[in-house]
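Trainee: Could you take me closely through the buried interior of this model, and explain the terms as you go?

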Amino acid sequence: MNAPARIKGPTTLVHGPRGGCDRPVLKERGQREVFCGLTGIVWLHRKIQDAFFLVVGSRTCAHLLQSAAGVMIFAEPRFATAVIDERDLAGLADAHDELDRVVTELLARRPDIKLLFLVGSCPSEVIKLDLAKAAERLNRNYHPATRVLAYSGSGIETTFTEGEDACLASLVPDLAATDASQLLLVGALPDIVEDQFLRMLSAMGIDSVAVLPGRNADAMPAVGPNTSYMLLQPFLTETAARLAGRGAQYLPALFPFGAAGTRAFLAAAAARFGVSDETFEAVIAAPEKRAHEAIARHRPTLAGKSISFFPDSQLEPPLARFLAEECDMRPIEVGSPYLHRQHLAEELPRLPQDVRLSEGQDVDRQLARLEDDGPDLTVCGLGLANPLEARGYRTKWAIELIFSPIHGFEQAGDLAELFARPLQRAERLAV
Amino acid sequence: MKLTMWTYEGPPHIGAMRVATGMKGLHYVLHAPQGDTYADLLFTMIERRGARPPVTYTTFQARDLGSDTAEMFKNAAKDAYEREAPEAMMVGASCTAELIQDDPGGLAKALDLPCPTIPLELPSYSKKENWGAAETFYRLCRTLADPATAEGREQASCNILGPTALGFRHRDDTAEIKALLTTLGIKVNVVAPMPARPSDLVRLPAAAFNVVLYPEIAETAARWMERAFKQPFTKVVPIGVGATREFIAEVAALAGVDPEPALDDDNSRMPWWSRSVDSNYLTGKRVFVFGDATHAAAIARVCAEEMGFRVVGLGTYSREGARTIRAVAKDLELEPLITDDYLEVEAAIKAAEPEMVLGSQMERHIAKRFGISCAVISAPVHVQDFPARRSPVMGFEGANVLFDTLVHPLTMGLEEHLLTMFREDHEFSDEAGASHLAAHAPRPSAAPAVSSEILIAPPSAHAAMADGGCAEDLIPAEAAGLEMPALEWDSDAQKELKKIPFFVRGKARQNTERYAAERGMSRITVETLYDAKAHFGR
Ligand code: SF4
Ligand code: SF4
């Protein structure tokens, strides 16, 4: 458990300053039904085009990855598992030597790899295989051709999206230093969405904007005391802490979901960089209008419908805010694996007062509450979706909210549609 | 440590889950971290199950380690018993819990639950999914089967062993074989693991013999029952017409009944379909077969003996099944491929140059990358391998299904001729794909396209596939990492190429260019074209 990016468990975290939100939170500690942080590899490897993710783990880890990735069409994916076997455990083989051998084999096969992440798993952490040390050692051999970093995506340390947090956090110590004034956007979004944000910011005259992670190993941003960073995703706890450690300033805002979220997010950037109201409004006018129109198309389907969230990605509170404010939905329970009070300081107060907030999970108890609540739509993981459908609940797969482009003005309509589609389908079907 | 990009089999506890999920009234408490709950989606999404697998995960976290993970396990087991009231419970550890050595078996025993509790020891760091399923089923049988139920058993009675959740066509095979046994007047005592209850396993000894449909899963238990209850078990897996006939003879002998009623099944259409003149074009088609040992071995035999194909490669990812595959490979004069590394399989497929690949979902994807026709005949499975209609691969109906499955990806013989006939017609367009497939929507073209209806031939053919393509998201060869040399075709060769029917033209071009490239030629002439044709022709 020596991986560099230690993510503390949900209830042990020290809370940041309370953002004026002291609403009661139901804390759960029972069986969880969520992916581990390894899952983040599925989208991270596509974001950083010359990175390879090598999980040091078991056959279970390999199986999880391929099951979460779902498809096998890649000729050779940029992720793999170094599967620990009996010999490694029995001490017959030195695990570090074995790892070096596997990395050598891998890099010989894939000389195009510029950034190699050693990703810790539950087994590697339980046997105390120090991947940070391994990365240091491997760097002596492979840097600068290939940079080797380590982070933990293990299920005992990280829940689903916390894997991305751990990965991005592992990049931070390596970032170049800069004194320049700049805006840093943090979070791995699809390139097309990222470009939309960059275009709008640039149109406002904010030209020095950097993004973490960069699209390849050579495009990682620099950071320093005159960097203001904004989080594109609510789950980037450790990354934020490390950026603060490098002197960067946290710029709080709503998360850019829906028209209101995106406006508020961009407004925070505009205010920080002295953009005039006029310019700001001129830049966002057209896309914001498109967003409003696109959302309006789905509002008739969504308005008045109740919705509950199973804890999954930590996106639950901002999404519930969007659905309540802009789609007139009625959130009943908003469950999240972890509520970061500081990063959600703007979000939580905007949730309707009667919303039940829950943190952590006890899946059977939540299923019992669902039975009482009877929501029109339930957002849950893939393991629960069909069983709930079979019991007459309409569901939305939470993982689609992570895999699909949903941030920003241009995607606001798509985001609403993700929730509208299961409801519309239920209406259509007569079988 | 082994570098693994993809794995055919999951860890052994997934095998245990396949057994538990196939059964009713059984619950499995698995000491495992939260991420391991991904396994639920295999059943709820791939198999579209409408209920959660009967599994409770303890989902311990780092902060629990060293303090109270054992306590967590006990609580989870107790709660699960109270919530589910199962007839029996299995307890075990996944890879991580195996390392922390909490001994779920001992902990569960100490709880003294009022139902049989079966501890599973499934070594995650050496064994895999099928082994886990076999071991789990064996443990269940050992714990639950009551020898007293053997009293007064009839000779014409059997159990059907092997079907589990997430198996390749297990649901339909079981129904098919059950019907076949009923035709013979053989009583089916218990079908297990799927869909039996623990209380059904108690009376396993009441049957005179066991029918083993999937040796990967049921052979360990069947061997033990052979010793413990004097129940012989079947060795023939009834896939294909020939094997089904042998299977009928085998069970009839074990049961002491007349095999005839099952042997002349009017619904066995496969032999005539294969003898029909239209099937001539199937002769000698080169096929590569890879999968679990049972399916790969049986299907290779079907290909060779019942379809008239030429099997150019045969292998399995299951080391336990290597012997089965070696035997068949020897008969077919092939070097068997025993590996669980899909990159090796990919290389073998490339080298064997098959016209069709029969394998698991992974081989389907490999074939797609190479633009080779393919069909799925084995686990690991994908959502498409759970068709809504009945679709067995065992018994005579299974053989009918196999005929369709193996012919569907290839261009039909009749259609081949008709396409050639219509080729010069003005309304004919090369750009037309098979009209029944959206993925083959015609490429833009001024001329109206001929549709497969005009061609009379059954619309099941994938014209574009013979064109080196494939019905689903075809990845260009370049993207798949195949080098595409820049070769120059001289104009006569170009013209000659044009005369080749479009649906084989792509292949002809590809083969010719490959032939030329391999010989370091830079210009392709008519000669080269025919040299290549002779080289690649069978
Ligand atoms: S929870 Fe742990 S053991 Fe399971 S897949 Fe994730 S990292 Fe691997
Ligand atoms: S469409 Fe392509 S991938 Fe699908 S079965 Fe036919 S040949 Fe194979």
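Mentor: A residue is called buried when its relative accessible area is under 20%, exposed when that area is over 50%, and partly exposed in between, with a 1.4 Å probe and protein chains only. By that criterion B:H13 is buried, because its relative accessible area is 1%.

Two remarks on the source are needed here. This is a predicted model, in which local features need pLDDT of at least 70 and side-chain atom pairs count only at pLDDT 80 or more, while totals for chains, interfaces and linings use all residues. Residues are numbered from 1 along each chain as its sequence is written, chains are lettered from A and ligands numbered from 1 in the order in which they are written, and side-chain values use heavy atoms, with hydrogens and water left out.

B:H13 belongs to helix 1 (residues 12–22) of chain B; helices (H or I, at least four residues) and strands (E, at least two) are DSSP runs, numbered from the N terminus. Contact means heavy atoms within 4.5 Å. Not counting residues up to four places away in sequence, B:H13 touches A:T60 of chain A, together with B:Y28, B:L30, B:D36, B:S94 and B:L122 of chain B.

In chain A, helix 4 (residues 95–109) is also part of this picture. The expected span of a helix is 1.5 Å times one less than its number of residues; the 15 residues of helix 4 of chain A should therefore span 21 Å, and the end C-alpha atoms, 21 Å apart, agree with this. At the start of helix 4 of chain A, a side-chain oxygen of A:D94 comes within 2.9 Å of the backbone nitrogen of A:H96. A:H96 is itself buried, and other buried residues of the helix include A:L99, A:V103 and A:L107. The partners against which the buried residues of helix 4 of chain A pack include strand 4 (115–120) and helix 6 (131–142) of chain A, as well as strand 1 (2–4) of chain B.

A nonpolar core is a set of buried Ala, Val, Leu, Ile, Met, Phe, Trp, Tyr and Cys residues joined through side-chain atoms within 4.5 Å. The largest has 268 residues, and A:L54, A:F117 and A:L118 have the most contacts inside it. Helix 13 (residues 293–307) of chain B gives the most to this core, namely nine residues. Leaving aside neighbours within four places in sequence, A:L118 is in contact with residues including A:L54, A:L99, A:V103, A:L138 and A:Y151. A second, separate core has 11 residues, among them B:A76, B:M89, B:L107 and B:A108.

Notes
Polar contact = N/O pair within 3.5 Å; in protein donor to acceptor, adjacent residues only side chain to side chain.
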